[in-house]
Amino acid sequence: MTTTRLVRSELRKLATTKMPWAFLAVLAVIAALNAFAVISGTDMDGGKGFIATAADQQSLVAFAFNAFMGAGLFGAIAVAREYGHNTVVPTFLASPRRHRAVLAQFVAVAIGGCVLSLIGVGLTIAAVAVSLPTTDYGFLVSADNVFRVVAASGFTGAAGAVLGAGIGAIVRNVGGAVTLTVFTFIVAPPLVVQLADGTASWMPANLANVISGTVDDINQPAALAALAGWALVPAVIGLITVQRRDIV
């Protein structure tokens, strides 16, 4: 099979299962909660939450990192379940060169993570915009900043999905892959920061903030490269592991 057909096949696998719909449902719930917060929430300064101060952009930026983490879980589940249910065997039979099949899977998962993240941030923005007529405020985030956060969410979603896919290829068990992914996103960064001074700027949450434009601890190209590195390291390890492992 050609690489294009392999990627198309992997995308079809993702699109014809219930998993993406479950993630979309979660994104819809998050958007609805944001809308509820705009309608009923009030900040300490008397302004409406998410719209009255610069916190409105911060709430969108928080979604960029959440997209990274959510897409990581998406990638981990998508890949690990293939090994758990042995549905990866027909793929390797159709493409004996495993690295091509695994790379196609990673590309498909990255596309899926990017699309889900873009939909998620779009739903959040739309929910806030629809809720604004219930307040005395306007949307204070500029169009340029909104576009930047959307682009950042798409990139972090793709990177997170690849990271999760790498973990899924290494662990091969859905429960274990999800646990390790959560550890990587939530538990590991604070531990690394405590053990090694000067690493806080290179943790995923801060990198997402840099890419979104709210902090400037490091420059944009470095932040993009660092976040890509977070994704590529487990992906490369997963690729090597699959190459050397027996698949029964």
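This is a predicted model: local features need pLDDT of at least 70, side-chain atom pairs count only at pLDDT 80 or more; totals for chains, interfaces and linings use all residues.
Local features were taken from residues with pLDDT of at least 70 and side-chain atom pairs counted only at pLDDT 80 or more, whereas totals for chains, interfaces and linings use all residues. Residues are numbered from 1 along each chain as its sequence is written, and side-chain values rest on heavy atoms, with hydrogens and water left out.

The structure holds 2 salt bridges, a salt bridge being a side-chain nitrogen of Lys or Arg within 4 Å of a carboxyl oxygen of Asp or Glu. One of them pairs Glu 10 with Lys 13, with 3.2 Å between the closest N and O atoms. Both residues belong to helix H1 (residues 3-15), where Glu 10 and Lys 13 are 3 residues apart, about one turn of the helix; helices are DSSP runs (H or I, at least four residues), numbered from the N terminus.

Lys 13 also forms a salt bridge with Glu 82, in which the closest N and O atoms are 3.3 Å apart. This pair links distant parts of the chain, since Glu 82 lies in helix H3 (residues 55-84) and Lys 13 in helix H1, 69 residues apart. Through shared partners, the salt bridges join Glu 10, Lys 13 and Glu 82 into one network.

With buried meaning under 20% relative accessible area, exposed over 50% and partly exposed in between (1.4 Å probe, protein chains only), Glu 10 counts as buried at 5% relative accessibility, and Glu 82 likewise counts as buried at 6%, while Lys 13, with a relative accessible area of 23%, is partly exposed.

How values were computed:
Helices (H or I, at least four residues) and strands (E, at least two) are DSSP runs, numbered from the N terminus.
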